[in-house]
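Subject: Structure for your review

Dear colleague,

Please find below the structure that I am handing over to you. My notes on what was found in it follow directly after.

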Amino acid sequence: VDFIFDFGSPNAYLTHRTRDRILNTGPDRADIDTQIPWLATGLVGLFLILVAFPRLDAYPWTAPDELHHLVVSRNIAEHSAYASGNPEIGFIYFDHVDSVGPSVLAPVAAAFSVFSPTLILARVVMGLFFLVFALGIFVLVREHWGSQAGLLSVLLTTLSFGTIYLGRSLYGEVPAMMFLVWSMICWGRSIEAERGHLFALLAGILWGLGILAKTFLFLSAFPIIAVWIYDRLTTKRIDWSCVALPALGGVGVLGAWYGVVNHFSYLVPDEISTLFLYRHYLMFGIPSTLNGLMWFLQQPVYLVGLIGIVWFTVTYLFRGKMNPALLVLLMTAELYLFWWLFFTPSTISRYTWYSCAILGIFSGPALLQGVELVRSSATGRARKIGVAVVCGAILLSAGFRLIEQLDLIYVKDEAWDERNLAAHMRTIPENTVMATGYWPLSMNMDFMTGRRVDGIEDLSQIDDKYEVIIYNVEIHPLDPEVLENSERFGRYAVVHRDRK
(Lines give C-alpha, C1' and ligand atoms only; values in the text may rest on other atoms or scores of the structure.)
Protein backbone atom coordinates (compact mmCIF):
# COMPACT_ATOMS: atom_id res chain seq x y z
CA VAL A 1 0.00 0.00 0.00
CA ASP A 2 2.79 2.40 0.88
CA PHE A 3 4.63 1.61 -2.36
CA ILE A 4 1.50 2.37 -4.40
CA PHE A 5 0.73 5.49 -2.36
CA ASP A 6 4.19 6.97 -2.69
CA PHE A 7 5.18 5.90 -6.18
CA GLY A 8 1.70 6.50 -7.51
CA SER A 9 2.23 10.14 -6.57
CA PRO A 10 4.17 12.85 -8.43
CA ASN A 11 7.35 11.33 -6.95
CA ALA A 12 7.18 8.38 -9.32
CA TYR A 13 6.28 10.45 -12.36
CA LEU A 14 9.15 12.87 -11.89
CA THR A 15 11.77 10.28 -11.03
CA HIS A 16 10.75 8.07 -13.94
CA ARG A 17 10.95 10.99 -16.38
CA THR A 18 14.47 11.74 -15.25
CA ARG A 19 15.83 8.23 -14.85
CA ASP A 20 18.94 8.97 -16.88
CA ARG A 21 19.76 11.90 -14.65
CA ILE A 22 19.33 10.08 -11.35
CA LEU A 23 21.86 7.37 -12.16
CA ASN A 24 24.43 9.58 -10.43
CA THR A 25 22.71 10.02 -7.08
CA GLY A 26 25.47 11.64 -5.07
CA PRO A 27 25.60 15.39 -4.54
CA ASP A 28 27.92 17.36 -6.79
CA ARG A 29 30.54 18.54 -4.33
CA ALA A 30 31.72 21.25 -6.72
CA ASP A 31 28.27 22.83 -6.63
CA ILE A 32 27.98 22.85 -2.84
CA ASP A 33 29.27 25.72 -0.78
CA THR A 34 30.68 24.07 2.31
CA GLN A 35 31.97 27.30 3.81
CA ILE A 36 29.79 29.41 6.06
CA PRO A 37 30.77 32.15 8.51
CA TRP A 38 31.40 30.94 12.03
CA LEU A 39 29.29 33.85 13.27
CA ALA A 40 26.19 32.49 11.51
CA THR A 41 26.79 29.02 12.89
CA GLY A 42 27.33 30.44 16.37
CA LEU A 43 24.15 32.52 16.22
CA VAL A 44 22.08 29.53 15.17
CA GLY A 45 23.61 27.46 17.97
CA LEU A 46 22.88 30.22 20.48
CA PHE A 47 19.30 30.43 19.24
CA LEU A 48 18.81 26.69 19.74
CA ILE A 49 20.13 26.93 23.31
CA LEU A 50 17.90 29.91 24.09
CA VAL A 51 14.75 28.09 23.01
CA ALA A 52 15.66 24.67 24.44
CA PHE A 53 16.92 25.25 27.99
CA PRO A 54 15.67 28.40 29.79
CA ARG A 55 12.82 28.12 32.34
CA LEU A 56 12.23 24.41 31.84
CA ASP A 57 10.18 24.28 35.04
CA ALA A 58 7.75 26.89 33.70
CA TYR A 59 7.08 25.78 30.13
CA PRO A 60 5.57 23.58 28.97
CA TRP A 61 2.93 22.43 31.40
CA THR A 62 3.60 18.85 32.47
CA ALA A 63 0.99 16.75 30.66
CA PRO A 64 -0.11 13.31 31.97
CA ASP A 65 1.90 11.40 29.36
CA GLU A 66 5.09 13.22 30.32
CA LEU A 67 4.41 12.56 33.99
CA HIS A 68 4.17 8.86 33.25
CA HIS A 69 7.58 8.91 31.53
CA LEU A 70 9.08 10.87 34.43
CA VAL A 71 7.85 8.35 36.98
CA VAL A 72 9.24 5.39 35.02
CA SER A 73 12.62 7.13 34.66
CA ARG A 74 12.72 7.83 38.38
CA ASN A 75 11.86 4.23 39.22
CA ILE A 76 14.69 2.98 37.00
CA ALA A 77 17.12 5.30 38.77
CA GLU A 78 15.97 4.79 42.34
CA HIS A 79 14.49 1.29 42.42
CA SER A 80 16.06 -0.43 39.38
CA ALA A 81 12.50 -1.03 38.22
CA TYR A 82 11.44 -0.41 34.62
CA ALA A 83 7.94 0.33 35.82
CA SER A 84 5.33 2.92 36.61
CA GLY A 85 3.87 3.30 40.11
CA ASN A 86 5.91 3.41 43.31
CA PRO A 87 6.93 1.05 46.15
CA GLU A 88 3.95 2.08 48.30
CA ILE A 89 1.18 1.27 45.82
CA GLY A 90 3.16 -1.25 43.78
CA PHE A 91 4.95 -1.27 40.43
CA ILE A 92 3.53 -1.98 36.99
CA TYR A 93 6.54 -3.42 35.17
CA PHE A 94 6.98 -2.68 31.46
CA ASP A 95 3.78 -0.67 31.56
CA HIS A 96 2.34 -0.79 28.03
CA VAL A 97 0.71 2.60 28.54
CA ASP A 98 4.20 4.06 28.31
CA SER A 99 4.80 4.51 24.57
CA VAL A 100 8.31 5.94 25.12
CA GLY A 101 11.01 3.32 25.33
CA PRO A 102 14.43 2.63 26.85
CA SER A 103 16.48 4.59 24.30
CA VAL A 104 14.90 7.74 25.81
CA LEU A 105 14.12 6.74 29.39
CA ALA A 106 17.52 5.17 30.08
CA PRO A 107 19.53 8.40 29.48
CA VAL A 108 17.05 10.31 31.65
CA ALA A 109 17.30 7.66 34.35
CA ALA A 110 21.10 7.82 34.16
CA ALA A 111 20.97 11.58 34.73
CA PHE A 112 18.61 11.00 37.66
CA SER A 113 21.07 8.50 39.14
CA VAL A 114 23.99 10.92 38.90
CA PHE A 115 22.08 13.93 40.21
CA SER A 116 18.48 13.69 41.43
CA PRO A 117 15.08 13.15 39.80
CA THR A 118 13.77 16.56 38.79
CA LEU A 119 11.65 17.84 35.96
CA ILE A 120 14.34 20.30 34.90
CA LEU A 121 17.02 17.63 34.65
CA ALA A 122 14.79 15.36 32.55
CA ARG A 123 14.08 18.23 30.19
CA VAL A 124 17.76 19.14 29.97
CA VAL A 125 18.38 15.62 28.67
CA MET A 126 15.59 16.13 26.13
CA GLY A 127 17.19 19.42 25.12
CA LEU A 128 20.40 17.54 24.38
CA PHE A 129 18.44 15.11 22.20
CA PHE A 130 17.04 18.15 20.40
CA LEU A 131 20.51 19.62 19.78
CA VAL A 132 21.73 16.32 18.31
CA PHE A 133 18.60 16.25 16.13
CA ALA A 134 19.37 19.77 14.91
CA LEU A 135 22.97 18.77 14.16
CA GLY A 136 21.68 15.82 12.16
CA ILE A 137 19.44 18.09 10.10
CA PHE A 138 22.41 20.32 9.32
CA VAL A 139 24.64 17.41 8.29
CA LEU A 140 21.94 15.81 6.16
CA VAL A 141 20.95 18.98 4.29
CA ARG A 142 24.53 20.25 3.99
CA GLU A 143 25.61 17.09 2.18
CA HIS A 144 23.01 17.67 -0.51
CA TRP A 145 22.41 21.43 -0.70
CA GLY A 146 25.22 23.12 1.21
CA SER A 147 25.81 24.78 4.58
CA GLN A 148 23.56 27.78 4.06
CA ALA A 149 20.58 25.56 3.32
CA GLY A 150 21.55 23.36 6.27
CA LEU A 151 21.48 26.20 8.78
CA LEU A 152 18.23 27.53 7.34
CA SER A 153 16.64 24.08 7.61
CA VAL A 154 17.69 23.87 11.26
CA LEU A 155 16.05 27.22 11.99
CA LEU A 156 12.84 26.49 10.09
CA THR A 157 12.49 22.98 11.53
CA THR A 158 12.91 24.45 15.01
CA LEU A 159 10.11 26.89 14.19
CA SER A 160 7.87 24.19 12.72
CA PHE A 161 4.71 23.22 14.55
CA GLY A 162 5.47 21.49 17.86
CA THR A 163 9.26 21.30 17.64
CA ILE A 164 10.14 23.58 20.55
CA TYR A 165 7.38 22.14 22.71
CA LEU A 166 8.50 18.55 22.09
CA GLY A 167 12.17 19.51 22.39
CA ARG A 168 11.48 20.76 25.92
CA SER A 169 9.35 17.79 27.06
CA LEU A 170 9.96 14.17 27.96
CA TYR A 171 8.29 12.68 24.91
CA GLY A 172 9.62 10.23 22.36
CA GLU A 173 9.04 12.18 19.15
CA VAL A 174 12.22 14.28 19.03
CA PRO A 175 14.57 11.42 20.01
CA ALA A 176 12.85 9.11 17.50
CA MET A 177 13.29 11.64 14.70
CA MET A 178 16.86 12.28 15.80
CA PHE A 179 17.65 8.56 15.49
CA LEU A 180 15.86 8.40 12.11
CA VAL A 181 17.74 11.38 10.67
CA TRP A 182 21.13 10.05 11.75
CA SER A 183 20.13 6.61 10.51
CA MET A 184 19.41 8.09 7.08
CA ILE A 185 22.74 9.95 7.12
CA CYS A 186 24.58 6.67 7.77
CA TRP A 187 22.47 4.78 5.24
CA GLY A 188 23.16 7.36 2.55
CA ARG A 189 26.89 7.18 3.22
CA SER A 190 26.83 3.38 3.15
CA ILE A 191 25.33 3.53 -0.35
CA GLU A 192 27.92 5.99 -1.63
CA ALA A 193 30.99 4.55 0.08
CA GLU A 194 32.95 1.71 -1.50
CA ARG A 195 33.05 -0.13 1.80
CA GLY A 196 30.16 1.28 3.74
CA HIS A 197 29.40 -1.81 5.80
CA LEU A 198 29.98 -0.07 9.11
CA PHE A 199 27.72 2.81 8.11
CA ALA A 200 25.05 0.33 7.00
CA LEU A 201 25.13 -1.55 10.28
CA LEU A 202 25.09 1.71 12.26
CA ALA A 203 22.10 2.92 10.22
CA GLY A 204 20.13 -0.13 11.33
CA ILE A 205 21.15 0.23 14.96
CA LEU A 206 20.07 3.87 15.01
CA TRP A 207 16.79 3.00 13.32
CA GLY A 208 16.13 0.31 15.93
CA LEU A 209 16.84 2.79 18.73
CA GLY A 210 14.36 5.15 17.08
CA ILE A 211 11.62 2.52 17.22
CA LEU A 212 12.42 1.89 20.88
CA ALA A 213 12.12 5.64 21.43
CA LYS A 214 8.67 5.78 19.82
CA THR A 215 6.98 2.60 18.66
CA PHE A 216 5.09 4.29 15.83
CA LEU A 217 8.39 4.97 14.07
CA PHE A 218 8.07 1.43 12.71
CA LEU A 219 5.93 3.00 9.96
CA SER A 220 9.14 4.35 8.43
CA ALA A 221 10.01 0.77 7.45
CA PHE A 222 7.51 0.93 4.58
CA PRO A 223 9.17 3.92 2.83
CA ILE A 224 12.56 2.23 3.23
CA ILE A 225 11.25 -0.93 1.59
CA ALA A 226 9.55 1.11 -1.15
CA VAL A 227 12.76 2.99 -1.98
CA TRP A 228 14.72 -0.25 -2.12
CA ILE A 229 12.14 -1.89 -4.44
CA TYR A 230 12.13 1.15 -6.71
CA ASP A 231 15.91 1.11 -6.84
CA ARG A 232 15.90 -2.58 -7.84
CA LEU A 233 13.52 -1.72 -10.70
CA THR A 234 15.56 1.28 -11.89
CA THR A 235 19.11 2.30 -10.99
CA LYS A 236 20.16 -0.77 -8.92
CA ARG A 237 22.55 1.35 -6.88
CA ILE A 238 21.57 0.08 -3.45
CA ASP A 239 23.73 -2.96 -2.81
CA TRP A 240 22.29 -5.96 -0.97
CA SER A 241 24.63 -5.26 1.94
CA CYS A 242 23.04 -1.80 2.30
CA VAL A 243 19.76 -3.56 3.02
CA ALA A 244 20.85 -6.68 4.87
CA LEU A 245 23.21 -4.97 7.33
CA PRO A 246 20.76 -2.23 8.38
CA ALA A 247 18.10 -4.92 8.80
CA LEU A 248 20.54 -6.92 10.94
CA GLY A 249 21.34 -3.88 13.09
CA GLY A 250 17.71 -2.89 13.56
CA VAL A 251 16.49 -6.41 14.31
CA GLY A 252 19.44 -6.89 16.65
CA VAL A 253 18.54 -3.82 18.73
CA LEU A 254 14.83 -4.65 18.86
CA GLY A 255 15.52 -8.32 19.50
CA ALA A 256 17.88 -7.52 22.39
CA TRP A 257 15.27 -5.32 24.08
CA TYR A 258 12.40 -7.75 23.58
CA GLY A 259 14.67 -10.46 24.90
CA VAL A 260 15.06 -8.45 28.10
CA VAL A 261 11.30 -7.92 28.31
CA ASN A 262 10.68 -11.63 27.75
CA HIS A 263 13.24 -12.57 30.42
CA PHE A 264 11.35 -10.50 32.99
CA SER A 265 7.91 -11.41 31.63
CA TYR A 266 7.02 -13.03 34.96
CA LEU A 267 6.80 -9.49 36.37
CA VAL A 268 4.23 -8.40 33.77
CA PRO A 269 0.65 -9.02 34.92
CA ASP A 270 -0.92 -9.23 31.43
CA GLU A 271 -0.09 -10.01 27.82
CA ILE A 272 -1.31 -6.72 26.30
CA SER A 273 1.26 -5.16 23.97
CA THR A 274 1.77 -1.47 23.24
CA LEU A 275 0.54 -1.94 19.67
CA PHE A 276 -2.60 -3.68 20.94
CA LEU A 277 -3.21 -0.92 23.44
CA TYR A 278 -2.97 1.72 20.71
CA ARG A 279 -4.67 -0.40 18.03
CA HIS A 280 -7.33 2.28 17.51
CA TYR A 281 -4.57 4.33 15.85
CA LEU A 282 -4.14 1.62 13.22
CA MET A 283 -7.74 1.38 12.02
CA PHE A 284 -8.74 2.99 8.74
CA GLY A 285 -11.62 5.46 8.77
CA ILE A 286 -13.01 8.32 6.72
CA PRO A 287 -15.20 10.43 9.09
CA SER A 288 -12.26 11.47 11.30
CA THR A 289 -10.44 13.06 8.37
CA LEU A 290 -12.59 16.16 8.79
CA ASN A 291 -10.84 16.88 12.09
CA GLY A 292 -7.44 16.76 10.43
CA LEU A 293 -8.48 18.85 7.44
CA MET A 294 -9.95 21.49 9.72
CA TRP A 295 -6.70 21.58 11.71
CA PHE A 296 -4.78 22.52 8.57
CA LEU A 297 -7.45 24.91 7.23
CA GLN A 298 -7.36 26.83 10.51
CA GLN A 299 -3.69 27.61 9.76
CA PRO A 300 -3.87 28.81 6.13
CA VAL A 301 -0.49 30.55 6.10
CA TYR A 302 1.29 27.50 7.47
CA LEU A 303 -0.64 25.26 5.05
CA VAL A 304 0.46 27.32 2.04
CA GLY A 305 4.08 27.04 3.17
CA LEU A 306 3.83 23.25 3.64
CA ILE A 307 2.27 22.80 0.19
CA GLY A 308 5.06 24.87 -1.34
CA ILE A 309 7.74 22.78 0.40
CA VAL A 310 6.14 19.55 -0.81
CA TRP A 311 5.95 20.89 -4.36
CA PHE A 312 9.60 21.92 -4.30
CA THR A 313 10.68 18.54 -2.93
CA VAL A 314 8.82 16.38 -5.43
CA THR A 315 9.70 18.53 -8.43
CA TYR A 316 13.12 20.05 -7.80
CA LEU A 317 14.87 17.37 -5.74
CA PHE A 318 14.08 14.46 -8.02
CA ARG A 319 14.77 16.35 -11.22
CA GLY A 320 18.43 16.36 -10.33
CA LYS A 321 20.33 13.84 -8.27
CA MET A 322 18.00 11.61 -6.30
CA ASN A 323 19.18 10.74 -2.81
CA PRO A 324 17.63 7.54 -1.35
CA ALA A 325 17.88 8.79 2.25
CA LEU A 326 16.08 12.05 1.42
CA LEU A 327 13.48 10.12 -0.55
CA VAL A 328 12.80 7.91 2.48
CA LEU A 329 12.29 11.00 4.64
CA LEU A 330 9.91 12.60 2.15
CA MET A 331 7.85 9.42 1.86
CA THR A 332 7.85 9.06 5.65
CA ALA A 333 6.36 12.55 5.96
CA GLU A 334 3.68 11.63 3.43
CA LEU A 335 2.92 8.33 5.15
CA TYR A 336 2.65 9.87 8.63
CA LEU A 337 0.28 12.52 7.31
CA PHE A 338 -1.78 9.82 5.59
CA TRP A 339 -1.79 7.80 8.82
CA TRP A 340 -2.85 10.77 10.96
CA LEU A 341 -5.71 11.69 8.64
CA PHE A 342 -7.08 8.23 7.93
CA PHE A 343 -5.99 5.96 10.79
CA THR A 344 -6.35 8.17 13.86
CA PRO A 345 -9.19 10.38 15.12
CA SER A 346 -7.02 13.34 14.00
CA THR A 347 -7.52 14.94 17.41
CA ILE A 348 -3.96 14.69 18.76
CA SER A 349 -2.13 17.30 16.72
CA ARG A 350 1.19 16.22 18.22
CA TYR A 351 1.15 13.27 15.83
CA THR A 352 1.38 15.63 12.85
CA TRP A 353 4.79 16.74 14.07
CA TYR A 354 6.60 13.95 12.23
CA SER A 355 5.35 15.29 8.89
CA CYS A 356 5.81 18.94 9.84
CA ALA A 357 9.36 18.37 11.08
CA ILE A 358 10.44 16.43 8.01
CA LEU A 359 9.02 19.10 5.72
CA GLY A 360 10.88 21.60 7.88
CA ILE A 361 14.08 19.77 6.96
CA PHE A 362 13.32 20.42 3.28
CA SER A 363 12.22 24.02 3.91
CA GLY A 364 15.75 25.47 3.88
CA PRO A 365 16.65 24.49 0.31
CA ALA A 366 13.05 25.15 -0.78
CA LEU A 367 13.23 28.73 0.50
CA LEU A 368 16.63 29.37 -1.08
CA GLN A 369 15.45 27.97 -4.40
CA GLY A 370 12.35 30.15 -4.16
CA VAL A 371 14.43 33.27 -3.61
CA GLU A 372 16.57 32.39 -6.63
CA LEU A 373 13.47 31.96 -8.79
CA VAL A 374 12.03 35.30 -7.68
CA ARG A 375 15.32 37.07 -8.42
CA SER A 376 15.84 35.37 -11.78
CA SER A 377 14.89 37.33 -14.89
CA ALA A 378 14.02 34.05 -16.59
CA THR A 379 11.13 33.39 -14.22
CA GLY A 380 7.71 34.40 -15.49
CA ARG A 381 5.73 37.04 -13.61
CA ALA A 382 2.93 34.73 -12.54
CA ARG A 383 5.40 32.16 -11.30
CA LYS A 384 7.35 34.81 -9.42
CA ILE A 385 4.19 35.89 -7.60
CA GLY A 386 3.30 32.31 -6.68
CA VAL A 387 6.80 31.52 -5.43
CA ALA A 388 6.94 34.79 -3.49
CA VAL A 389 3.64 33.95 -1.77
CA VAL A 390 4.98 30.53 -0.75
CA CYS A 391 8.27 31.97 0.53
CA GLY A 392 6.38 34.65 2.42
CA ALA A 393 4.12 32.00 3.97
CA ILE A 394 7.13 29.96 5.13
CA LEU A 395 8.74 33.01 6.75
CA LEU A 396 5.51 34.39 8.21
CA SER A 397 4.52 31.12 9.86
CA ALA A 398 8.04 30.76 11.27
CA GLY A 399 7.88 34.33 12.58
CA PHE A 400 4.49 33.79 14.21
CA ARG A 401 5.76 30.60 15.81
CA LEU A 402 8.87 32.37 17.12
CA ILE A 403 6.82 35.13 18.79
CA GLU A 404 4.42 32.58 20.26
CA GLN A 405 7.16 30.36 21.67
CA LEU A 406 9.28 33.21 23.07
CA ASP A 407 6.20 34.43 24.93
CA LEU A 408 5.60 30.96 26.36
CA ILE A 409 9.25 30.42 27.29
CA TYR A 410 10.16 33.81 28.76
CA VAL A 411 6.89 35.48 29.83
CA LYS A 412 4.21 32.98 30.80
CA ASP A 413 4.38 30.30 33.45
CA GLU A 414 2.20 27.32 32.55
CA ALA A 415 3.41 25.19 35.46
CA TRP A 416 2.91 27.74 38.26
CA ASP A 417 -0.10 25.94 39.73
CA GLU A 418 1.56 22.53 40.06
CA ARG A 419 4.90 23.91 41.23
CA ASN A 420 3.37 25.95 44.05
CA LEU A 421 0.98 23.17 45.00
CA ALA A 422 3.98 20.86 45.34
CA ALA A 423 5.76 23.41 47.55
CA HIS A 424 2.66 23.58 49.77
CA MET A 425 2.34 19.80 50.00
CA ARG A 426 5.85 19.54 51.36
CA THR A 427 4.63 21.48 54.40
CA ILE A 428 1.77 19.04 55.12
CA PRO A 429 2.58 16.40 57.78
CA GLU A 430 3.82 13.18 56.21
CA ASN A 431 1.18 10.95 57.75
CA THR A 432 -1.67 12.99 56.25
CA VAL A 433 -3.91 10.90 53.97
CA MET A 434 -4.72 12.78 50.76
CA ALA A 435 -6.86 12.26 47.68
CA THR A 436 -7.81 14.00 44.46
CA GLY A 437 -10.44 13.58 41.78
CA TYR A 438 -7.96 14.68 39.09
CA TRP A 439 -5.91 11.52 38.47
CA PRO A 440 -2.88 13.14 36.70
CA LEU A 441 -2.23 15.06 39.90
CA SER A 442 -1.46 11.78 41.67
CA MET A 443 1.51 11.13 39.36
CA ASN A 444 2.53 14.78 39.46
CA MET A 445 2.76 14.99 43.23
CA ASP A 446 4.30 11.52 43.41
CA PHE A 447 7.15 12.68 41.17
CA MET A 448 7.55 16.24 42.49
CA THR A 449 7.13 15.58 46.21
CA GLY A 450 7.26 11.82 46.76
CA ARG A 451 3.90 12.12 48.50
CA ARG A 452 1.02 9.73 47.92
CA VAL A 453 -2.20 11.28 46.67
CA ASP A 454 -4.87 8.71 45.86
CA GLY A 455 -6.88 9.24 42.71
CA ILE A 456 -10.59 8.92 43.48
CA GLU A 457 -13.01 8.56 40.58
CA ASP A 458 -16.10 9.73 42.49
CA LEU A 459 -15.36 12.39 45.10
CA SER A 460 -18.95 12.31 46.37
CA GLN A 461 -18.29 8.81 47.74
CA ILE A 462 -14.93 9.62 49.29
CA ASP A 463 -13.82 7.70 52.36
CA ASP A 464 -13.63 9.41 55.74
CA LYS A 465 -9.98 8.44 56.11
CA TYR A 466 -8.91 11.19 53.72
CA GLU A 467 -7.93 14.35 55.59
CA VAL A 468 -6.97 16.50 52.60
CA ILE A 469 -8.78 16.65 49.26
CA ILE A 470 -7.22 18.41 46.28
CA TYR A 471 -9.70 19.62 43.69
CA ASN A 472 -9.12 20.80 40.14
CA VAL A 473 -11.85 23.43 40.22
CA GLU A 474 -11.95 23.64 36.42
CA ILE A 475 -13.16 20.03 36.39
CA HIS A 476 -14.83 19.74 39.81
CA PRO A 477 -16.38 23.11 40.76
CA LEU A 478 -16.78 23.70 44.49
CA ASP A 479 -19.42 25.48 46.52
CA PRO A 480 -18.40 29.11 47.16
CA GLU A 481 -18.21 28.51 50.91
CA VAL A 482 -15.91 25.50 50.57
CA LEU A 483 -13.81 27.33 47.99
CA GLU A 484 -13.42 30.33 50.28
CA ASN A 485 -12.05 28.17 53.09
CA SER A 486 -9.64 26.28 50.84
CA GLU A 487 -6.03 27.05 49.99
CA ARG A 488 -5.83 28.05 46.35
CA PHE A 489 -3.02 27.42 43.90
CA GLY A 490 -4.36 28.47 40.53
CA ARG A 491 -6.74 25.81 39.30
CA TYR A 492 -6.21 23.70 42.43
CA ALA A 493 -8.02 24.02 45.73
CA VAL A 494 -6.69 22.20 48.81
CA VAL A 495 -9.48 21.42 51.24
CA HIS A 496 -8.68 20.26 54.79
CA ARG A 497 -11.74 18.33 55.80
CA ASP A 498 -11.50 19.39 59.43
CA ARG A 499 -11.81 23.03 58.25
CA LYS A 500 -15.07 22.66 56.30
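A search of the whole structure for disulfides returned zero. Please note that this is a predicted model.

**Confidence and overall make-up**

The mean pLDDT of the protein chain is 87, and 88% of its residues reach 70 or more. Two stretches call for separate mention. Over residues 1–10 the pLDDT stays under 50, and the model has 24 contacts beyond four places in sequence for them. In residues 12–32 the pLDDT is likewise below 50, with 42 contacts in the model beyond near neighbours in sequence.

The protein chain contains 21 helices and seven strands. Of its 500 residues, 54% count as buried. Among contacts with a separation of 6 or more, 75% are between residues 24 or more positions apart.

Does the length of helix α5 agree or disagree with what its residue count leads one to expect? Helix α5 covers residues 102–114, and at 1.5 Å a residue its 13 residues should span 18 Å; the C-alpha atoms at its ends are 17 Å apart, so the two values agree.

The buried residues of α5 are P102, S103, V104, L105, V108, A109, A111 and F112. They pack against α4 (64–79), α6 (119–145), α9, α10 (197–213), α12 (241–263) and α20 (440–449).

**The contact of α9 with α16**

Two packed helices are described by the angle between their axes and the distance between the axes. For helix α9 (residues 173–192) and helix α16 (residues 324–343), the axes come within 8 Å and cross at roughly 145°. On the α9 side the contact is made by L180, M184, W187, G188 and I191, and on the α16 side by P324, A325, V328, L329 and T332. Sorted by class, this contact has eight nonpolar residues, two polar ones and no charged ones.

**I205 in helix α10**

I205 belongs to helix α10. Its relative accessible area is 30%, so I205 is partly exposed. Leaving aside residues up to four places away in sequence, I205 touches G249, G250 and V253. The C-alpha atoms of I205 and G250 are separated by 4.9 Å, although the two residues are 45 apart along the chain.

**Backbone geometry in the loops**

- Y59 and P60 are joined by a cis peptide bond, with omega at about 0°. P60 sits in the loop between α3 (38–52) and α4.
- S80 is a residue other than glycine with a positive phi, near 50°. S80 lies in the loop between α4 and β1 (83–86), and because its relative accessibility is 69%, S80 counts as exposed.
- F94, also not a glycine, has a positive phi of about 50°. F94 is placed in the loop between β2 (90–93) and α5, and its 9% relative accessibility means that F94 counts as buried.

With kind regards

Key. Residues are numbered from 1 along each chain as its sequence is written. This is a predicted model: local features need pLDDT of at least 70, side-chain atom pairs count only at pLDDT 80 or more; totals for chains, interfaces and linings use all residues. Side-chain values use heavy atoms; hydrogens and water are left out. pLDDT is the predictor's confidence in each residue, from 0 to 100. Contact means heavy atoms within 4.5 Å. Axes are lines fitted to C-alpha atoms, for helices over the stretch in contact, and angles run from 0 to 180 degrees between N-to-C directions. Helices (H or I, at least four residues) and strands (E, at least two) are DSSP runs, numbered from the N terminus. Ala, Val, Leu, Ile, Met, Phe, Trp, Tyr, Cys and Pro count as nonpolar, Asp, Glu, Lys and Arg as charged, and the others, Gly among them, as polar. The expected span of a helix is 1.5 Å times one less than its number of residues. Buried means under 20% relative accessible area, exposed over 50%, partly exposed in between (1.4 Å probe, protein chains only). A disulfide is a pair of cysteine sulfur atoms within 2.5 Å.
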